[in-house]
Amino acid sequence: NDLGNLGNLQTLHASKNNFSELPSSICHLQSLQNLWLDYNPHMATLPADFHHLRELRDLKMDGNPNMVLPPIEKLAEGAGAVLRWSECRYAPNHNSFQQSVIMSVQDVLRQVSENRELFDDDDSQPLASVFEENVNRKGQLYYQFLPEALWAVFLPKLEEMWSNKDQHVVGIRSFPYSRKNVERALVEFRDAGGKVAHHCTKAQSRRSSCR
């Protein structure tokens with residue numbers, strides 16, 4: 001729902017609902033000071049523009065075990081820490097944006113690994129022919145996958161799962177990045193350990209050390 005017309009709202013209690021994600025319009029509540037989102041067990045992410053809630057002082061997120069972005073340990077630090085995390089991760093900063101893309105791709109690959117049964121009925125494209133996990137490359141473990149499979153195989157199947165509100169999902173439930181942004185991030189992004197993706201016979205992506 002559109003919350004943008006509630007610009008003077010200071011307190012919003014949305015505890016114990018069945019939210020899987022929040023509407024992005026919640027980030028338009030410029031006067032919001034108290035936000036209770038505790039005990040929404042299907043929620044995994046906060047909106048990308050969450051740092052726009054600059055007046056936020058009290059954020060309750062207890063009882064949301066599937067939170068990935070931001071991680072649970074960051075949520076425990078309180079509203080100020082979450083706002084700083086969001087701004088660092090999503091504000092118009094090239095490296096932060098690419099880090100967000102990479103971490104979302106890696107969560108997609110993790111969900112593919114954990115939900116292999118989704119792909120078992122596709123005889124034309126067996127999962128084993130386009131995806132492999134824990135591939136050792138110079139002592140580091142990578143996901144190995146065909147880049148085209150991300151768009152043609154993985155995301156279509158996962159989107160079916162994400163759209164089912166009764167389906168328990170750990171991690172992201174949407175993938176908002178364009179193919180161009182993903183391809184560029186896979187080529188360019190580096191973390192403290194160097195490049196996170198390497199092109200070979202099949203593309204590889206190791207787990208990023210970014211938090």
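Modeller: Two strands pair if DSSP finds at least two bridges between them. Strands (E, at least two residues) and helices (H or I, at least four) are DSSP runs, numbered from the N terminus. This is a predicted model, where local features need pLDDT of at least 70, side-chain atom pairs count only at pLDDT 80 or more, and totals for chains, interfaces and linings use all residues. Residues are numbered from 1 along each chain as its sequence is written, and side-chain values use heavy atoms, with hydrogens and water left out.

Start with the hairpin. Strand E4 (residues 131-137) and strand E5 (residues 140-145) run antiparallel, joined by five bridges. Asn136 stands opposite Leu141 in E5. Two residues lie between E4 and E5. Lys138 sits in that turn, with a positive phi of about 55°.

Now the open sheet. Its three strands have the order E1-E2-E3 and pair in parallel. Strands E1 (11-13) and E3 (58-60) are the edges, each pairing on one side only. Neighbouring strands here are turned by 5° against each other on average, direction ignored; the axes are lines fitted to C-alpha atoms, and angles run from 0 to 180 degrees between N-to-C directions. Strand E2 (residues 34-36) runs parallel to E3, with three bridges between them. Asn34 has Asp58 of E3 as its bridge partner.

Last, the helix. Helix H5 (residues 179-188) has Val182, Ala185 and Leu186 as its buried residues (under 20% relative accessible area, 1.4 Å probe, protein chains only). Seen down the axis of H5, these buried residues fall within an arc of 100°, so they line one face of the helix. The arc is that of the directions from the helix axis to the C-beta atoms.

Conventions:
Buried means under 20% relative accessible area, exposed over 50%, partly exposed in between (1.4 Å probe, protein chains only).
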